Amino acid sequence: MVQTEAFVMLSAVLFILGAMGVLLRRNAILLFMSVELMLNAANLALVAFAKQWNQAEGHLFVFFVMAVAAAEVAIGLALIVAIFRTKQSINIDEMHKMEG
Amino acid sequence: MTEVILFIIVGGIAITAAVMMLLSENAVHSALFLIVNFACVAFLYLMLDAPFLAMMQIAVYAGAIMVLFLFVIMLLGAEKLTEPTKQFRWLAPLALALSAAFLLIAGVAITSGQIDLSSPNERPPMLRIVHAAPYAGPVDVYANGELLASNVTAGKSTDFHALAAGDTEIALNIAGTSTAAVTTTVSLPGDNTKQANGFTAIAYGGDASTPPQVALVQDNLETVPVRTARVSIFNGYPEAINLVDFGSETDPSDDKIIVGDIQPGATVELPPVNQDTSLRAWAFTIVNSAAENLSDLNVLASLNNPDVFTIKRDSAELMVVGAEQLLDGTLRAAVIPLVNDAVASFGGPSSIAQLLFTRYLLPFQLIAVLLLAAMVGAIVLTHKESFVPRRRDVRRKVAKPLTSAITDQVGHDVLTPDDRTPKLPEKQPEPSGD
C-alpha cells in the first residue's frame, strides 16, 4: 500500500519539471508539451486524493481536465501553425512583438 | 511491498522520461519521451483504482493528443528549431531557483503531514423502514420527530432517507394519530470506507396485545460481481424458516435447501446469485426435521410470481419474510422484496457514468460545447488564407470609349441622342451607272 503522500510528491516533481520546461525551452511545441506534463501531474494528484477520500468526483475532474487539455492542444497547435506560416519560426522569443 | 517497489520503478521512469523530454534537442524525441511519461502515469492510475482513467490516459493523451503533436512537428519541420537566443539570459537561473524553492516548500508541506489526509469525510447513514408487522395496521413513520412517510401499510417500505450519524429515534405512529405503535432508538454509524452506508429498520412480529419489534439490518450495497445480484433474507415470521429450491415439479430428487433454519429476527446473505436464475421453484417453508422429503414441508410462501420476484443484475435485494393477517385472524407469510441497485465499482466506467449523467450533466455539456468550439477554432486558424488576389475577369480598359474611336474614323457621331445603340451611318445609295 503506497501512501497518498508519495503520489502527491511525485505529482509535485512532475509539475515542476513541466514548469521548468515552460520557462526554459524556447520551442513553442515543447512549451505546449510541458503544459501537458503539468496538467498530467495535477491529474495524478486528483486521482490520488480521490482514492484517499474514496470519492469518485476526483475521477470526474480528471475526465474534464482531459477534455479541456484536448481542446487546448487543438487550438494551441493551430495557432503555432498559423504563426509559423507568417514568421517561418516557432521560437517564442521571436514572437514577443505584436507585429504581423 | 510489491506495490511500493512498483511505484518506485514506475515513478522513476516517469521522472526520467520527463527530464529527458526537457533535455532532448530533437522535438520528436521529446514527444516520444512524453508518451513514455503518460504511459507511466496511466500505470499509476491503475494502482490508484482508476482503471477507466488509465484507459482514457492511453487513448486520449498518449494516443490522440501526442499524435497531433507529432503531426505538427513533422508538418512544420520543427525538430531542431531551438537555438538559444541572447535575450532573457537571466531567465534560466531564475527558473531553476524558483523551481527548487517550490519543490522544497511542497516537499516539506507534504512530508511533514501538513496536508490533512487523516480525516476522510464520512458518508451519512441512509435509513429505510419496512412495515412487516401484521397487527399494527397503517402507520406514519417518524425519525427523530420528523415525518418520513405517512400511511405506510403492512408489506410496504419507505425510501432511503439520509440521516445524521448517531442515535436515531424511530417512531411508528398509528396512521393519522399520535399514538405510537412502537418507538425504538437505533444507533446509525457514519462510514468512511464504503461507497454506500444503508440501513433497514424492519418492524415485525407482535400481536393484538404486544407491540411489534424493530430490527435494524445493515444493507450491503457494495459492488457485486458482474451479472450477479446479492440476495439477503430477513426472517420476520414468528417461526424459523427454510429457503428451498424445489427444482422441477415432477422430480422430488432435485429439491434442495438453499438456506436452512433461518431463525426469527435473523438475516442471512446468500452467495452471489446469477442474473438468469429463475425464482419460480423457490419457496419459504417451515422447518420440520421429521419430514422425510423436502416436498413434505409446509410451504409458507412461494416466489413463483416472476413479476414480483426476479433477480435483477447488479442489484442488492433484501427479502423480508413477514406475516400478514387473514380475515379469519390467522397468519400467512408474505415476502416483501426490496431491490436496490448495488453501488458501481469505484473508478470503473459505470461509477463515473453515474455521476456524469446525474450530478455533473451540465459541466459535461459545457465541455462538449468547448470541444466543438475548439474544433471550429482550429479549422478557422489553420485555414489557408489566400493573399494572392484571385484572378478576376480583367476587362480591358480603353481610354476612350469605342464609339468615339469609330466616330473619329467615320467622321460623324455614331450615337443618336434618342437611341443609345451605336449605329453606322446609313449607306449612301451609290449612283447608278445608267
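From the N terminus on, chain A runs α-α-α. Its secondary structure amounts to three helices and zero strands; helices (H or I, at least four residues) and strands (E, at least two) are DSSP runs, numbered from the N terminus. This is a predicted model, in which local features need pLDDT of at least 70 and side-chain atom pairs count only at pLDDT 80 or more, while totals for chains, interfaces and linings use all residues. Residues are numbered from 1 along each chain as its sequence is written, and chains are lettered from A and ligands numbered from 1 in the order in which they are written.

Of the 100 residues in chain A, 52% are buried. A residue is buried if 20 or more other C-beta atoms lie within 10 Å of its own, exposed if 12 or fewer, and partly exposed in between, with C-beta atoms placed from the backbone. Contacts can be counted as well: two residues are in contact if their C-beta atoms, placed from the backbone, lie within 7 Å. Among contacts in chain A between residues at least 6 apart in sequence, 47% join residues at least 24 apart.

Next comes the place where the two chains meet. The contact takes 62 residues from chain A and 73 residues from chain B. On the side of chain A that touches chain B, the elements giving two or more residues are helix 1 (4-24), helix 2 (28-53) and helix 3 (57-87). Helix 3 of chain A provides the largest share of that side, 22 residues. By class, the side of chain A that touches chain B holds 46 nonpolar, nine polar and seven charged residues. Here Ala, Val, Leu, Ile, Met, Phe, Trp, Tyr, Cys and Pro count as nonpolar, Asp, Glu, Lys and Arg as charged, and the others, Gly among them, as polar.

A nonpolar core is a set of buried Ala, Val, Leu, Ile, Met, Phe, Trp, Tyr and Cys residues joined through C-beta atoms within 7 Å. The largest such core has 73 residues, and those touching the most other members are A:Leu14, A:Ile29, A:Met33, A:Leu44, A:Val47 and B:Tyr45. At least two residues each come from helix 1, helix 2 and helix 3 of chain A, and from helix 1 (2-23), helix 2 (27-47), helix 3 (51-76) and helix 6 (361-382) of chain B. Helix 2 of chain A gives the most to this core, with 14 residues. The core lies between domain 1 (2-79) and domain 4 (349-380) of chain B, because both give residues to it; the domain bounds come from an automatic or database domain assignment. Leaving aside residues up to four places away in sequence, A:Val47 touches A:Gly58, A:His59, A:Val62, B:Tyr45, B:Leu48, B:Ala50 and B:Leu53. A second, separate core of 57 residues includes B:Ala132, B:Ile170, B:Ile233 and B:Tyr237.

B:Ala132 leads on to the strands of chain B. Its bridge partner in strand 7 of chain B is B:Tyr204. Strand 1 (residues 126-132) and strand 7 (residues 198-204) of chain B pair in the parallel sense over seven bridges; two strands pair if DSSP finds at least two bridges between them. Strand 7 of chain B also pairs with strand 8 (residues 213-219), in the antiparallel sense and over seven bridges. There B:Tyr204 stands opposite B:Gln213. Seven of the seven residues of strand 7 are buried. B:Gly198, B:Thr200, B:Ile202 and B:Tyr204 point one way from this strand, and B:Phe199, B:Ala201 and B:Ala203 point the other way.

Another part of chain B is an open sheet of four strands in the order 3-2-5-6, with antiparallel pairing. Its edge strands, strand 3 and strand 6 (180-188), each pair on one side only. Strand 2 (residues 139-143) and strand 5 (residues 166-174) of chain B are joined by five bridges, and B:Asp140 stands opposite B:Asn173 in strand 5.

Strand 3 (residues 146-152) of chain B contains B:Asn151. Most residues other than glycine have a negative phi. B:Asn151 has a positive phi of about 55° although it is not a glycine. It counts as exposed because it has 11 C-beta neighbours inside 10 Å. B:Asp314, also not a glycine, has a positive phi of about 55°. B:Asp314 sits in the loop between strand 15 and strand 16 (315-325) of chain B.
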